[in-house]
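This briefing is meant to be read beside the sequence and the coordinates. Please have both in view before going through the points.

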Amino acid sequence: MSARADSILDTALALPLNERARIAAELIASLDEGEDTGVEAAWAVEIEKRIAEVESGETETSSWEEARSRIRSKIEKS
């Protein structure tokens, strides 16, 4: 990393958490090389599909407590 980049990083790391988070988000967003065409439409279709599956009873849902318990159990096993 260049001396300039090191200096910028040191300065950024000294900032409060919320300011570092905003800078991190902006930097990550700047790495996108343009929006993927059709992504929004594809997500809309996927969301509608998932809603229909839940409403029809095809998909079984869980409470957050149940999901968190399963996640913790898997983490403890690994």
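The points below cover confidence, fold and dimensions, surface and charge, and salt bridges.

The chain is a predicted model, with a mean pLDDT of 92 and with 97% of its residues reaching 70 or more. It contains four helices and zero strands, and its radius of gyration of 21 Å is well over the 12 Å that the globule rule gives for 78 residues, so the chain is more spread out than a compact globule.

**Confidence by element**

**Fold and dimensions**
- Read from the N terminus, the order of elements is α-α-α-α.
- Along the principal axes, the C-alpha atoms fill a box of roughly 60 × 40 × 25 Å.

**Surface and charge**
- Of the 78 residues, 4% count as buried, while the chain exposes about 7400 Å², of which carbon and sulfur atoms supply 56%.
- There are 10 positive and 18 negative side chains, and the centres of these two sets lie 8 Å apart.

**Salt bridges**
- The count comes to two salt bridges, and these share partners, joining Glu-46, Lys-49 and Arg-50 into one network.
- Glu-46 pairs with Arg-50, four residues away in helix H3 and about one helical turn apart, with the closest N and O atoms at 2.7 Å.
- Glu-46 also pairs with Lys-49, where the closest N and O atoms are 3.5 Å apart; both residues lie in helix H3 (residues 39-56), three residues apart.
- Glu-46 is partly exposed at 22% relative accessible area, as are Lys-49 at 40% and Arg-50 at 46%.

Key. Residues are numbered from 1 along each chain as its sequence is written. This is a predicted model: local features need pLDDT of at least 70, side-chain atom pairs count only at pLDDT 80 or more; totals for chains, interfaces and linings use all residues. Side-chain values use heavy atoms; hydrogens and water are left out. pLDDT is the predictor's confidence in each residue, from 0 to 100. Helices (H or I, at least four residues) and strands (E, at least two) are DSSP runs, numbered from the N terminus. The radius of gyration is taken over C-alpha atoms; the globule rule is 2.2 Å times the number of residues to the power 0.38. Buried means under 20% relative accessible area, exposed over 50%, partly exposed in between (1.4 Å probe, protein chains only). Accessible areas come from the Shrake-Rupley method with a 1.4 Å probe; for residues, only the protein chains shown count as cover. Lys and Arg count as positive and Asp and Glu as negative; His and the chain ends are not counted. The place of a charge is taken as NZ of Lys, CZ of Arg, CG of Asp or CD of Glu. A salt bridge is a side-chain nitrogen of Lys or Arg within 4 Å of a carboxyl oxygen of Asp or Glu.
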